[in-house]
Amino acid sequence: MELWRGVSPVSRVSVFPAVLLLLLQLSVIYCDVSTHTTDSSSPALESSQLGDFVELDLDSDTVTVESSVQVNYRCSRACRVGLEVVFSTQNTTGVIPFRRTWTHLKQIGNAKTKRIKLVFPPAMIYKRDFFIRQPVDAHDVMVRAWLVHLDGSSHVGEDQYHQSLVRTNAFLQTTPFSERPVQPKTTSVAWGPELMWNLTKDRLEQSSPESDVVDLLVFPFASTGEKYGVIRTFSSFINRELEAERLRATEKPRLTLSVWLYLLDWCSQKYCSILRHINEHQKYDSPLIMLTKSGDVVVQVFLVSKVESAFTAHTSLPLRTWIRLDLFIHDSKAKLKITHVNHTGHIAETTHTYTFLDSVLHNDTSGFFVIGGDIYMPGIFGYFGPIRYYRLGDEKVVNPLSPLRTLNLLDEAHTECDEIRQITEDYIQALLDSQATSPDDVCESYYEELRRVFGWPRCVQKWSWDQQVKYSTVLKIFKMHKEELISDPWSSSMVELLSQQLVQHVMMMLGEVAGGGGGPESVPSVRELLKVCSCWGHHQASLMLATLHLTGLGLPPDQEQGHVHSLMGALGDERLSLLHLGYKHMQGLDGFPKDQDIAYAYYSNVGRQTSVDRDNVLDSEQSMTEHVHLTNMQEMQMHTGEEGDVVPFLKLQAERGDIESQKTLARMLFWGSNGVTKDISEAVKWLARSGLQMTDATAMYDYGILLLKGTGVKKNRKLGLKLLEKAADMGSVTALNGLGWYYSTVGKDDRKAVHYFDLAARNGSRDGVFNLGVYHLKGAHPETTGRNETAAFQCFLKAGQLGHVEASVEAASYLSRGTVAGVRRDPEKAVILLKQVSEKNGHLGFSVQDALKTYQQGSWDEALVKYAMLAETGLVVAQNNAAHLCEVLKHDSSCQWRYHNYSTYNHVPHPSGLLKMGDHYSSLGDMVKAIGLYSRAALLGSPQGIYNLASLAEEGYSISTSVLEQMKIRTELDKSTVVEQLLLRCRDFEGVKDDISPCSLALFRIQLGKAWQNFTHSSTQLILVWGTLTTLFLFVLGISIRSALSHYSAYYSVRQLDPVNQTGVESLDTAASHQRGPQFPPGLTHLEQNGRSHSIQNRQQLQEAADLVITATGVCVCALCIMFVTHLF
């Protein structure tokens, strides 16, 4: 890989001064000869001493088919007048498409006027079509006229213009390609060409307009001085004329770059990148703009002669002010113009020019451009403002400083921080001086001792009254912590401790404001305290300021101020601030433009830091990122730490020898998860107890790898290797990868290492896949020859998709550049990969754990601020928790919906946010958005989302066919079947098939209705239904009649019997009564006895009929139920 050489850029072109001087002289001569032929070195001669003159009066200043010119002239004797058009192109000069001459022999001395119609080639006037295949991009179109006397020596030709007696000229403008008209058809042509002409004449009009001016940056970018930057690529022009112009300019380029910079320091190394072009062969191309240690600017290019050349602009760029660099390259000439505002408030401008020994070679479609740093060179330490690139060059640069208020506020914030740091330094020094004691060997007068003990302390006033008023907050802080400052010198640890105390105080103040205890006067104090912490280098205070300004929690909403503090936090290389900016640019939120390349620049920084942080397991401020939702009680109970029931139970089981409990407890202690305080030594103790039992492969690997690395325990490679080998024999895939790592780093046996890595990779180990990729990248794979970046990328991508941090960073790097064979550039995919692994950062996990503990302690307002800060980084669980706290604490509804809405933008959102936003849009009547959100929740396996979709589908709303296909539901099914299939999926995801649930009840209702509908569609079954209903009616009627008759009979018997007859009846012999038939009371007439006998017979018949109806009804109902059940199931 041919990168920037260590030789000074200037020395490469100034080895032989004499030869260089000669070459520069030749260069100047060449430039003079190649100057446009229409450029006149002397003024136009419009009149002579004899009164001869010639003038031009143009009807229009644009080249058109109707262009004409009026020539006014006068000849003092016989003369010839000439008129011609001259233009130039990118490759040719002095082209004459039109010339007209005439002589004037009569009326000598009189002024004459002649109108001439100018005739231009169609390629200069019309756009491309079937007949005009190569339109001409003409520039410097000149119409010139001259007059010569007919003295016998004059002749018509190009030299006659320069030898003329009088002459004049005027310039015309050409119409851009996209605005040119179509050439009208004026002659008859064959049907074939006419057909093609009709098909192609409007082709260019249908294409969108295209410009050669590209804005590389429209929003400020914070460059941390590391190897992270914004990558841009360029494609060929769609417009054929522009593309042809670009290709012609490859070896004689015309390009212009305008870059805004804000430097906080010069380069800490030999060179820092401002903007660089790296071609498809991974070599530096034209142009490269770099900054040196002394603030000079270096411009390097690659020449047509295949050599690199550079020049240095010795300018010492000013710090803490906005600077604009304008670079113009035309053929072999370069001009660098530097503009900035000096300390007096005036605009200072300097220009540096240089001529290279050969033409510059430039092809911007090859490779990529980098704004800031990349893997080869660090970037500047400061900010990039707007960057505009003119691909085909332009002498006039239009690149205003924007967004103006944001950039001015950024400058003011850094100026204020400089003053705060200076006041801090002066105060600490004054405090130390006031506490200084005299040496023991120095005599001191008695009165001086009395003054020192009882007198007022003397102080040196170092600040003006205005400064004391402006920075009263800083001075109050120092006064409150005076004793601490005296006892402990001002150091980074002291700054961190004091900043944390101030931030904690701000949290309490915000809680009071939210609870109604604080007034508006506390708002400035919050802002000032956080500003002081930010200026001291506690960059999480910058993120808190940005969060408060963007959300309006405790401070008035101010989007520009939020942008400023976001950028300042990111410039401090603070992980959460970088995540914040990466997320906002990834999604295009809060006024940050959606730009995946800028998002990649921030996320790649966090991803690399995450990779480094994971090796520093002893850091007490790192923890696993745990996704605990405040609304999920089961998750909350699992993260109560030693105060809950889980950890004590695990300790009890571990003490009893349960290996699973020992491993789980060791993991909690090692990573500080589940609310347990991080304790590496205690974790190693449990790992040793579980691993040395030699019965669990995972426990043996965990303890063995610690022994090999010496993490938390003394190194013991022999025992560690033994444990890994035994674990591998027992089938541990991670142990196979561990053996590969051992033979790669300790054993120095690449063949064995690759063997074990390959075995691990085949069994699904992401570490094994990544390590194979490393071997492919280094070219050390024993089965291949040389480096294989394509194979390495495939390994990195596969391991990254499995969650490997380093692999994701490497795969994203390839995806962002797209320079490896077979790898298409995809910055969006790169950002998704990096976001997933960046959210595993240990410092982010520690902040999440801190917010959870704050909530568990009952400080909900403080927890809301912490969760809001984390939510601004794009962490889904923090967004859901912040929205929940906003709702519980009854904050403005915009707070709640802000974070629910943000959670839906993530690549893998949590279903709760999707459901909340779906309910919100449903209440507003926007059912399209509601169905879209419910669909996303359903595809994530949410039973509630599926249930909502089924309900809406039942109401008649249509569900997207793509959603149904992803849920494996046929799209051609009718509405009721689709609803039934959705509820079946819902019941399956609920996982409670044997219990009653909303989905199972709704499914039963749907199936019941569907069965009844199918049942009633059969005529036979319908007759049976009506028959059953009729029989049932008769049954009810019969029961009613039977009941009435029974009641009447009993009443009649009681009424007719008297006590005597009743006694006689009771004394009758029962057997005799059965033999004689029905018995009647004595004293009844014969007519009464016949009526009574008839009534008893009718009652028996009715009872028999009723029994028959009941039997028939029962049979019909049973048959009906059987048939209905068959339809139901």
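The largest cavity in this predicted model holds about 90 Å³ of space. A cavity here is a set of points, on a 1 Å grid over the protein atoms alone, where a 1.4 Å probe fits but cannot get out. Its volume is the space filled by probe spheres set on the points, with grid points joined across faces, edges and corners. Rolling a probe the size of a water molecule over the atoms shows where empty space is left.

The lining of the largest cavity, meaning residues with an atom within 4 Å of a point, consists of Glu-626, Val-628, His-639, Asn-674, Gly-675, Val-848, Gln-849, Leu-852, Lys-853, Gln-856 and Tyr-867. Helix 30 (residues 842-856) supplies the largest share of this lining, five residues. By class, the lining of the largest cavity has four nonpolar, five polar and two charged residues. Ala, Val, Leu, Ile, Met, Phe, Trp, Tyr, Cys and Pro count as nonpolar, Asp, Glu, Lys and Arg as charged, and the others, Gly among them, as polar.

In total, the structure contains six cavities of 30 Å³ or more. Around the second largest cavity stand Arg-246, Ala-249, Thr-250, Pro-253, Arg-254, His-362, Asn-363, Asp-364, Arg-391 and Leu-392. Its lining divides into three nonpolar, three polar and four charged residues.

The protein chain as a whole has 43 helices and 20 strands, taken as DSSP runs numbered from the N terminus (helices H or I, at least four residues; strands E, at least two). Of its 1129 residues, 47% are buried, that is, under 20% relative accessible area with a 1.4 Å probe and protein chains only. Among contacts (heavy atoms within 4.5 Å) with a separation of 6 or more, 64% join residues 24 or more positions apart. The accessible surface, from the Shrake-Rupley method with a 1.4 Å probe, comes to about 56400 Å², and carbon and sulfur atoms account for 54% of that area.

One residue can be followed individually. His-149 lies in strand 6 (residues 139-149) and is buried, with a relative accessible area of 9%. Its side chain makes polar contacts with the side chains of Ser-76 (3.5 Å) and Arg-77 (2.8 Å). A polar contact is a pair of N or O atoms within 3.5 Å; within protein, one must be able to donate a hydrogen and the other to accept it, and residues adjacent in sequence count only if both atoms are side-chain atoms.

Residues are numbered from 1 along each chain as its sequence is written, and side-chain values use heavy atoms, without hydrogens and water. In this predicted model, local features need pLDDT of at least 70 and side-chain atom pairs count only at pLDDT 80 or more, while totals for chains, interfaces and linings use all residues.

Methods: On a 1 Å grid over the protein atoms alone, a cavity is a set of points where a 1.4 Å probe fits but cannot get out, and a pocket is an open set with protein on both sides within 12 Å along at least five of seven lines; lining residues have an atom within 4 Å of a point. Buried means under 20% relative accessible area, exposed over 50%, partly exposed in between (1.4 Å probe, protein chains only).
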